[in-house]
Amino acid sequence: MSRVIHTGQALVDVVVEVPDLPDRGQNVMAASATDYAGGTVTVLLAAARFGAECVQAGAIGTGPHGDLIRAALTAAGIGVSAPPIEGLDTGICVVMVEPSAERTFVTTLGAERRISVESLDTSAPGPGDLVCVTGFSLALASTRDPLLAWLPTLHRDVVVVLDPGAAFAGLETDVRAAMLEVTDVWSSNAEEAEHLLRAVGGLDAPDDLAALATAIAPMLRGDAVAIVRDGPEGCAVHVAGTTTYVPGFPQTPVDTNGAGDTHTGALLAEVAAGTPWVEGCRRANAAAAIKVTRRGPESAPTAAEVDAFLATVPR
């Protein structure tokens, strides 16, 4: 089976449940506060629970936050390829979750930003492996420069997967172009796809998922795959010249944090196992639907739980 390798930032998510966001300069009482292994860990946990062999190639620190990340990865059987960053801890992401399940983030920088071509090389991607990149890695030179130097050196049959995040559309034109030139798979939400299309030439973005996926695909390398998600609406996937809309499974959410990462991890694990992209998207939609009914970014379902869920809904 192909491996799922992530080059992005493993962070500790400090999740606080709040009744609403405070006004500027004011305070709000949180109902709970919990530390979770988050960031890239959410993607890798979802993939591992679907049976994929997974590797974290990004950097991890040596303090208590780094220890929490390593413990979560080890418990899930996920490998860590790069050596730890001595004397520097991993950063955190404060996640404020409102009753609507909407979330707001504040992120710090730490050891996860200390990567190099040599540290990335420790993951040793081979043909068929899926190498994940997040747009947030491209926002700072400390992670952008090593990544853009390393990715073009990979074997052509390594599959480079870009999760652009909110940062990608606002990057310098040459940085976006360099990343898209080595991208085989795009996986984003609808807003991120719309922002990129508007940033390129200032054109209005299409107004439906299928049109967005179709418009993104030609911007990528070769016969690329483009997936555009919209939460409970499901996603569209463009593969082999055809775009297919894959309906979602609307749920009453309690926490949407990590739903997109869960979708990505489940989908890549399915593809690594040989599942066609469209069916993989259907199963990933189900995985994300289950995840939003659970609290915390570490709550991705297993493949068996998705099987049981899909058995209860019409095909």
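Tutor: Strand β8 (residues 130–134) lies parallel to strand β9 (residues 159–163), and the two are joined by 5 bridges. Two strands count as paired if DSSP finds at least two bridges between them. The strand and helix labels are DSSP runs numbered from the N terminus: E over at least two residues for strands, H or I over at least four for helices. Before we go on, this is a predicted model, where local features need pLDDT of at least 70 and side-chain atom pairs count only at pLDDT 80 or more, while totals for chains, interfaces and linings use all residues. Residues are numbered from 1 along each chain as its sequence is written, and side-chain values use heavy atoms, with hydrogens and water left out.

Now zoom out a bit. The pair β8 and β9 belongs to an open sheet of 9 strands with mixed pairing, in the order β5-β4-β1-β8-β9-β10-β11-β12-β13. Its edges are β5 (79–80) and β13 (242–247), each of which pairs on one side only. Let's walk towards the β5 edge. Strand β1 (residues 3–6) runs parallel to strand β4 (residues 53–56) with 4 bridges between them, and V4 sits opposite C54 of β4. β4 then meets β5 through 2 bridges, again in parallel; here Q56 has V80 in β5 as its bridge partner.

A240, in the loop between β12 (234–239) and β13, has a positive phi of about 55° even though it isn't a glycine. This residue counts as exposed because its relative accessibility is 58%; on this scale buried means under 20% relative accessible area, exposed means over 50%, and partly exposed is in between (1.4 Å probe, protein chains only).

Next, another sheet. This one is open too, has 4 strands in the order β3-β2-β6-β7, and its pairing is mixed. The edge strands are β3 (32–39) and β7, each pairing on one side only. On average its neighbouring strands are turned by 25° against each other, direction ignored; axes here are lines fitted to C-alpha atoms, for helices over the stretch in contact, and angles run from 0 to 180 degrees between N-to-C directions. Strand β2 (residues 10–17) and β6 run parallel, joined by 6 bridges. Look for V15, whose bridge partner in β6 is V95, and for E17, which stands opposite V97 of β6. Helix α1 (residues 40–49) packs on this sheet and touches β2 and β3, its direction making about 75° with that of β3; contact means heavy atoms within 4.5 Å.

A101 counts as buried because its relative accessibility is 1%.

Finally, the helix pair further along. Two packed helices are described by the angle between their axes and the distance between the axes. For helix α8 (residues 259–272) and helix α9 (residues 277–291), the axes come within 8 Å and cross at roughly 145°. The crossing of α8 with α9 is right-handed; a crossing gets that name if the near helix is turned clockwise from the far one by less than a right angle, and is left-handed if anticlockwise. On the α8 side the contact uses A259, T262, H263, A266, L267, E270 and V271, and α9 contributes residues including W277, C281, R283 and K291. The contact residues divide into 9 nonpolar, 4 polar and 3 charged; Ala, Val, Leu, Ile, Met, Phe, Trp, Tyr, Cys and Pro count as nonpolar, Asp, Glu, Lys and Arg as charged, and the others, Gly among them, as polar. α9 is mostly covered, with 13 of its 15 residues buried. Its length checks out too: at 1.5 Å a residue, 15 residues should span 21 Å, and the end C-alpha atoms are 20 Å apart, so the two agree. That expected span is 1.5 Å times one less than the number of residues.
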